[in-house]
Structure formats: C-alpha cells, structure tokens
Amino acid sequence: MERSTFIGLIIGVVAIVAALLLKGASLSILYNPAAIVIIFVGTAASVTIAFPGSDLKKIPKLIKIAFTKQQLISKQEIIRLFMEWATITRREGLLALENRVEEIDDPFLRNGMRMIIDGNDHDFVRDVLMEDIAAMEERHKTGSLIFSQAGTYAPTLGVLGAVIGLIAALGNLNDISVLGQAIAAAFVATLFGIFSGYVLWHPIANKLRQLSKKEVEIKLMMVEGLLSIQSGVSTIAINQKLSIFLSPEERYAEEEKQRNERGVLTGEQAQSGA
C-alpha cells in the first residue's frame with residue numbers, strides 16, 4: 001500500500017468537509033446526483049474521446065499502481081550485486097555468471113545479463129537496453145497523461161455543471177427559499193470538478209511520473225553496471241561508478257556499512273590467524 005496516496009486523499013476530503021462545517025453549510029448538500037454525473041461521467045466521456053481504447057484499458061492497472069507501494073530493488077542492493085558479479089568475472093571469467101542468470105528476478109536485468117554473456121558488442125547492448133528504457137518511458141508517459149488530462153477536463157466540467165444548475169435555479173424565481181438551495185447546489189458541481197481535478201487526477205498523474213522516474217533511474221543504474229561487468233572493470237570501480245546514483249546521505253550510509261563489514265572481516269581474519 002502506498003500510504004502517501006491514501007493519506008493525501010484523506011486529508012483532502014477532511015479539508016473540504018471541515019471547510020463546509022466551519023462555514024455552516026450542511027454536508028447533505030454534497031449529495032447531488034446531477035453534479036456527480038456531470039463531473040465524473042463527463043470526465044470519463046472526455047478521456048474516452050481523447051485516448052484510444054488500448055490506452056484506456058490500462059486505467060485500472062494505473063490506479064492500482066498509484067495506490068500500491070512500488071516494488072523495486074534498492075540501489076544499495078544493485079551495487080552489492082554488481083560488486084559480487086565483478087569479483088566472479090575477474091576471477092573466473094564472464095561465462096561464470098551464466099549459472100546466475102536464472103536467479104535474477106528482474107526481466108530487464110536478466111535480459112541484459114544474457115546479452116553480455118552471449119558476447120554481444122558493447123554498443124549493441126547499450127542501444128538495446130536504452131531503447132527498452134525509452135519504450136517504457138513512453139508507455140508511462142501515456143498513462144500519466146490520461147490522468148493529467150482528466151485533471152484538466154474536470155474543473156471545466158465543474159463550470160458547466162454550475163451553469164446547468166443556475167439555469168435550473170432561475171426557473172424557481174418565485175420561491176426564494178428554493179432558489180437559494182438551488183444556487184448552492186449548482187456550485188456543488190464546481191466543487192466536485194476542482195476537487196477531483198486538483199486533489200485526485202493531477203496528483204495521481206504526478207505520482208505516476210515520479211514512480212516512472214524512479215524505475216528509469218534503477219534501470220539506468222543496471223545498464224551502467226552491466227556495461228562495466230562486460231568491460232571487466234574492478235569491483236572498486238563499479239562501486240564508485242554506481243554510487244553516483246545514490247544521494248549524499250545514501251552514499252555516506254553505504255560507505256559506513258562497507259567500512260563496518262571490512263572491519264568485521266579484518267577482525268575475523270586476525271582471530272583465525274591467532
């Protein structure tokens with residue numbers, strides 16, 4: 001579960017409810033079937049017109065992604081993995097990694113490892129992997145664009161809903177009490193439109209972009225690691241190269257962990273020697 005998505009949505013709903021209560025408005029006014037139809041059904045209609053069916057089929061999966069915690073291998077784990085592979089490669093050769101391929105869970109990393117073990121050219125491996133990343137980015141871009149466009153349509157449809165509500169309200173000019181309620185109800189559509197656009201659809205689009213950015217960064221890190229393994233660089237060189245992808249805080253923590261591990265190994269070796 002992606003807690004930040006749920007927390008943000010709950011805060012947004014609470015903020016609207018609290019604002020209505022502080023202004024003395026009744027929460028029952030939010031129950032407005034006409035406004036709900038105009039905003040949510042209208043937004044769905046607009047998105048359906050704007051995108052092909054093949055993209056629209058992905059909407060349930062995209063919503064699930066926004067509300068589910070992203071499962072990616074950590075950068076620190078990638079560094080340790082490639083350092084281990086570099087040690088094996090320099091000691092036994094690149095073909096020694098062939099037995100490790102099926103143990104790799106990530107399809108992208110597994111495919112890249114197979115390519116370098118098969119002896120493909122360095123530039124060919126880079127081109128194939130980078131094209132794979134570019135295709136993934138394009139798919140992710142389309143997914144986030146669906147919600148971004150929904151966030152653009154919803155507030156405008158809110159204005160349309162208000163206009164429709166005011167037209168209905170003006171038909172009751174003879175009854176002032178009914179007129180006041182009708183005008184208030186007319187602006188509920190605007191409330192739903194702005195709320196869904198800027199508290200739901202646009203934030204989900206941004207969440208999908210951020211998740212995509214993290215996945216791309218992980219894959220770029222894998223590309224650099226694979227090409228380094230293929231070039232036969234040292235373990236230290238791979239560590240230095242991949243550590244660039246870490247933040248200063250992550251880099252410091254990783255260096256501390258490696259120093260501690262080396263200290264433990266040194267102590268064990270001293271004891272065994274004694």
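Start by selecting Glu131: at 56% relative accessibility, Glu131 counts as exposed. Here buried means under 20% relative accessible area, exposed over 50%, and partly exposed in between (1.4 Å probe, protein chains only). Glu131 sits in helix H7. Helices (H or I, at least four residues) and strands (E, at least two) are DSSP runs, numbered from the N terminus.

Before moving on, note that this is a predicted model: local features need pLDDT of at least 70, side-chain atom pairs count only at pLDDT 80 or more, and totals for chains, interfaces and linings use all residues. Residues are numbered from 1 along each chain as its sequence is written, and side-chain values use heavy atoms, with hydrogens and water left out.

**Zoom out**

Show the whole chain. The protein has 11 helices and zero strands. Its C-alpha trace spans about 100 × 45 × 25 Å along the principal axes. The radius of gyration is 28 Å, whereas a compact globule of 274 residues would be near 19 Å. That radius is taken over C-alpha atoms, and the globule rule is 2.2 Å times the number of residues to the power 0.38. Of the 274 residues, 36% count as buried.

Go to helix H1 (residues 3-22), where Ile10 is found. Ile10 counts as exposed, at 52% relative accessibility.

**The salt bridges**

Side chains of opposite charge can pair when their charged atoms come close. A salt bridge is a side-chain nitrogen of Lys or Arg within 4 Å of a carboxyl oxygen of Asp or Glu. By this rule there are seven salt bridges.

Select Glu84 and Arg100. Their side chains meet in a salt bridge (2.7 Å, N to O). Glu84 is in helix H5 (residues 75-92) and Arg100 in the loop between H5 and helix H6 (107-117), 16 residues apart. Glu84 is partly exposed at 37%, and Arg100 is partly exposed at 27%.

Next, select Glu102 and Arg114. This salt bridge is 2.8 Å, N to O. Glu102 lies in the loop between H5 and H6 and Arg114 in helix H6, so the pair ties together parts that are 12 residues apart in sequence. Glu102 is exposed at 59%; Arg114 is partly exposed at 37%.

Finish at Arg126 and Glu224. Their closest N and O atoms are 3.8 Å apart in a salt bridge. Arg126 lies in helix H7 (residues 122-169) and Glu224 in helix H9 (residues 188-231), so the pair ties together parts that are 98 residues apart in sequence. Arg126 is partly exposed at 29%, but Glu224 is buried at 18%.
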